[in-house]
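Here's a quick briefing to keep beside you while you look around the model. Have the viewer open and follow along.

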Amino acid sequence: MLPYKCKTKTSLSPLKPQPDLHQGCPDLIHLNVVCISNHFLLATGKDITFVAKVDSSTLLRKPVMKWLKGKWMDLGSKAGKHLKFKETYDRNTKIYTYEMTIVKVVDGDAGGYRCEVTAKDKCDSCTFDITVEGTLQYRKSVKSILIAPPSTCRGDAGEDAGDLDFSGLLKKRSDTSYSRKKEEPTEPEVDVWEILKNAKPCDYEKIAFQYGITDLRGMLKRLKMMRKVEPKKSDAFIRKLEPAYSVEKGKKIVMSVELTDDNAQVKWLKNGQEIKPSAKYLFESIGGIRKLIINRSTLSDDAAYECVVGEEKCFTEVFVQEPPVTITKLLDDIHVVVGERVEFEVEVSEEGANVIWMKDGVELSRDGKYRFKKDGKKHWLIINEASKEDIGTYCVCTNGGQSKAELEVEDKELEVLQSIADLTVKAAEQAVFKCEVSDEKVTGRWFKDGVEVIPGKRIKMTHIGRVHKLTIDDVKPEDAGDYTFVPDGYALSLSAKLNFLEIKIDYVPRQDPPKIHLDTTGSMVSKNTIIVVAGNKLRLDVEITGEPAPTVCWRKGLLLKAHIEALLAGKWFKHKSSAEGRVRVESRKNLSSFVIEGAERGDEGLYCITVTNPAGEDKADLNIRVVDVPDAPENVRCTGVGEDTASMLWDPPKFDGGAPIKGYLMERKKKGSSRWTKLNFDIYESTVYEAKKMIEGVFYEMRVFAVNGIGVSQPSATSKPFMPIAPTSEPTRLVVDDVTDNTCALKWLPPDRVGAGGVDGYIIEYCLEGGSEWVQANEVPVEKNMYRVRGLQVGEKYLFRVSAVNIAGRSPPAEIKQGVTIREITERPKIRLPRQLRTKFIKKVGEKVNLVIPFQGKPRPVVNWFKDGTPLDSSLANVRNSEVDSILFIRQATREHSGEYTLSVHIENMEDKATIEIQIVEKPGPPVAVTVTDVWGFNAALEWKPPKDNGNCDITGYTVQKADMKAKEWFTVYEHNRRPSCTVSDLVMGNEYTFRIFSENICGLSDDAGASKNTAVIAKTGLHYKPQPFKERDMSSSPKFITPLVDRSVVAGYNTAISCAVRGYPRPKIIWMKNKMIIGADPKFLMQNNQGVLTLNIRKPSLFDGGQYICKAVNELGEDQVECRLEKSLFFIKSPVPQLLAPLTIPRK
């Protein structure tokens, strides 16, 4: 529960200055309470306002505030003239202010209040109490309280006071206004609080009802403040329930109490309703411990629970928390053009969970632009038509995490799929210009020689899908010219030329030599060179003149493609090649057409046309180039990475498609994802590219497209996955640990910033002071944070530096600025003996001994081991020495390994020694000479001698056992007996006993026991037992009531019981009577008899159940009876309008 404060302002006491909400408040929600205490004493008729403030600077949604009275009553439904609520919001400080105003406080407003605020999965509350005191005149005189008729029962609290103002339903009137009653004599005023202070808690409800107190909760709190009651120790509970239990949703809840009586019965209540055992609710009883187990908790289990034992109760509250919702599938970056649809998709761990979509830190709402969608665990954010304003960082948040992705929107680029081509037509023929663009919605206009074309009978313009057509019927000479198509909204134009072919035939009786007329305009790049896009149709119309009609021959290199004799007789000839008509020659009058359907790369080359007739010959060479989209780039690879960047390199395509490569387009995606994101819309000319705006620690893949004048190639093969990783920061705290005559030991700590790539190792370098050439000391990076540089020259000063290495490369180096002189350092040898070896070192036989003894000294000391003053035999123990310690190892210890071991370390004439005492022990042997020295009465005296083998340690005691010679079962008499003698008592008369003794040391008892040489016989004696004669007592008696019945006054509609206690033998017969009439098998009455305690339970008594009740007990020796009265004046409480059967009067002074 978060800490809440509450600001309460009333007219009763001045307010303190309001503290700053943002100082010292690390929590998510803050309420500011400015009040002296949480208890308020108010006068009737006054107004009061309570103010609560909530800091929402860290909240994702608006918090929900509830004002509650008691435990469950929501005051929001009671708003009206008596209760008013107000809510304001400050956008600068992001603080919500909630106010509750009670207009003209009445007695019914007294009680406990709570303001509760919730925000997502967080909740907090603040409580306060209100006590209402009447005016001075009311305190001096208390009038009679009468019930108003139901039709006029409005009260003084207003028409909308509702259930809050129960006391308002009881109308106070003066004596003179009550015309049907005579004026009653004044009576002294009764101090109700004095009566309550001296009464038992079980009588509080009766007294409150008698004196018209309706707010029981407020009465109990005020009574608690008036007298400090010493906490009583519970008679039923040893350990009560905890104040609160908190559990995650779906987990098990266990609540337990410990009772003083193991056989006591308990009841478990939830929100006042008894819980019955089921598969969800399990009851356990182990001794005095009672447990309530709730399996698979849900939000409905968040409630108040009670454990009832007899008249005592204990309470607790259970808080069920929902588990955090995590994101299982992250968002992907999206790169689109203007107008395209955008869908961000995310998957969470829980179905139906709520998520929040944000853009650049601002929460998105449902409107015409953004649309939210969810299906099970998947959630989508949909933008139907993206625009430049949608560029930014989008984030999806749950209560367990968040995911971010970038949206990039580029201006839409129109792509020309098919351009318009030049046309050559004759008179009266049809000319059709056709082009195709990438967007179906794009419109455009046609121009001729810069003037817009107007549709007419002969000129028609059509737009079907992505195809735009300009059709000219019955072409005339004036239709020739340059035609241009301009798309609307784009700086783009497509142009082509319409050539009008006019044929004139002049009859010349003489012969003309043949002539080839080539058209050098249109698609020819240069003279006699034609470029065609692969897959497109090539039609080459060549005009031929000559008389008589010349013979036409087409060749590709030396290969004859077609040989056609065309006579100018108006006939049409068509010859198909071996490619099923894909390459053919068509002839008309004065025209030879070379046609290639679907041009291929193999159609490229030099073509020759030869025309001959009797008058001569003419030749022409044509070079046809077939251009295509290029091949895909090759060998796409990552050459380097940064924190959020990566350097990419690739090789140009092997075939450029017959047209120069203009540049490249790049795409990337996260590994495992299927969504590719474009990195550039403008053509990138270089083969080296640096990709940016990537997430460190995430694997990416890239592919590249090549672009030439024809189009875009197929994508390259996907690169190997790479991860943007930045080098680490420099290592920290680089220091010199040790220096010898040719080495230097360095130590350092890992870098402060490591990143997602981690640290693969460290590179150590050194150079002479004053030099600039750094030498790498280690070929392979070392993983440890220490290294000894070797091969240094004595007397020289060196500088050292260390760099961390990972997949991103080397980090900046950490350097030792001050030069280190390489020279031998002499240090006196010293043995640092561990604390456990400073006393006797004890091990058992068969255990291993491994002693590690550190020492220090420079240069490396000479180490020697001695046992009992002589050099240690290598066959007895193994020794391993290093520069800083010496290890003595014995694989299996025996008793011969016991002794004093001395370690000696010396450097030149300096020496240090340490002595270790090792003792190897085992179990001792059995005691000897066990003898029974004396027997008297039921006792026997034993003596023995210590064992011959004590196991190489002191004997700590003996264990003595005895056995009956008949049963032969051994029983332990003494353990850890320290003396070699003892006395065994409590032996059984007439039995013969033998004894055995085990010796004991620190290893345990001996394996064998020392048996006694003789036995102990316990002789019988002449003793006789004479029991006293038993006289049975006569328990017969006539019935006698030991606890009488007590007169009672009960409330109608509530179950009640009357009880008494009787004794008598033989067991008496019980008879219950009401008004001297025997109560038979009436289901309204339940009669119980529990060990002489008689109880009559009356179910929901009414007015007719009042009267005299008699309980009679009868047996053969006599009878007895008791009686009580159940008052006839019963009170009825009927909801929603309370009524009294008789008026209540409170005497006054």
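Start with strand β61 (residues 797-806): 9 of its 10 residues are buried, so the strand is largely enclosed by the rest of the structure. Buried here means under 20% relative accessible area, with exposed over 50% and partly exposed in between (1.4 Å probe, protein chains only). Keep in mind that this is a predicted model, where local features need pLDDT of at least 70, side-chain atom pairs count only at pLDDT 80 or more, and totals for chains, interfaces and linings use all residues. Residues are numbered from 1 along each chain as its sequence is written, and side-chain values use heavy atoms, with hydrogens and water left out.

**Who pairs with β61**

- A word on terms: strands (E, at least two residues) and helices (H or I, at least four) are DSSP runs numbered from the N terminus, and two strands pair if DSSP finds at least two bridges between them.
- Strand β58 (residues 761-768) pairs with β61 in the antiparallel sense, over 8 bridges; in this pairing, isoleucine 764 sits opposite valine 802 of β61.
- Strand β63 (residues 814-821) also runs antiparallel to β61, joined to it by 5 bridges, and here phenylalanine 800 faces isoleucine 816 in β63.
- Strand β62 (residues 809-810) is antiparallel to β61 too, through 2 bridges, with valine 805 opposite arginine 810 in β62.
- The link from β61 to β62 is a hairpin through 2 residues.

**A five-stranded sheet**

- Elsewhere you'll find an open sheet of 5 strands in the order β2-β9-β8-β4-β5, with mixed pairing.
- Its edge strands are β2 (39-43) and β5 (73-74), each of which pairs on one side only.
- Within this sheet, β8 (residues 111-119) and β9 (residues 122-133) pair in the antiparallel sense over 9 bridges.
- Glutamate 116 lines up opposite serine 125 in β9.

- Look for serine 716 in the loop between β55 (700-708) and β56 (732-739).
- Is this serine buried or exposed? Serine 716 is buried, with a relative accessible area of 6%.
- Its side chain reaches the backbone nitrogen of valine 704 at 2.9 Å.
- Setting aside neighbours within four places in sequence, serine 716 is in contact (heavy atoms within 4.5 Å) with Ala632, Pro633, Val636, Arg703 and Val704.

Technical notes
A polar contact is a pair of N or O atoms within 3.5 Å; within protein, one must be able to donate a hydrogen and the other to accept it, and residues adjacent in sequence count only if both atoms are side-chain atoms.
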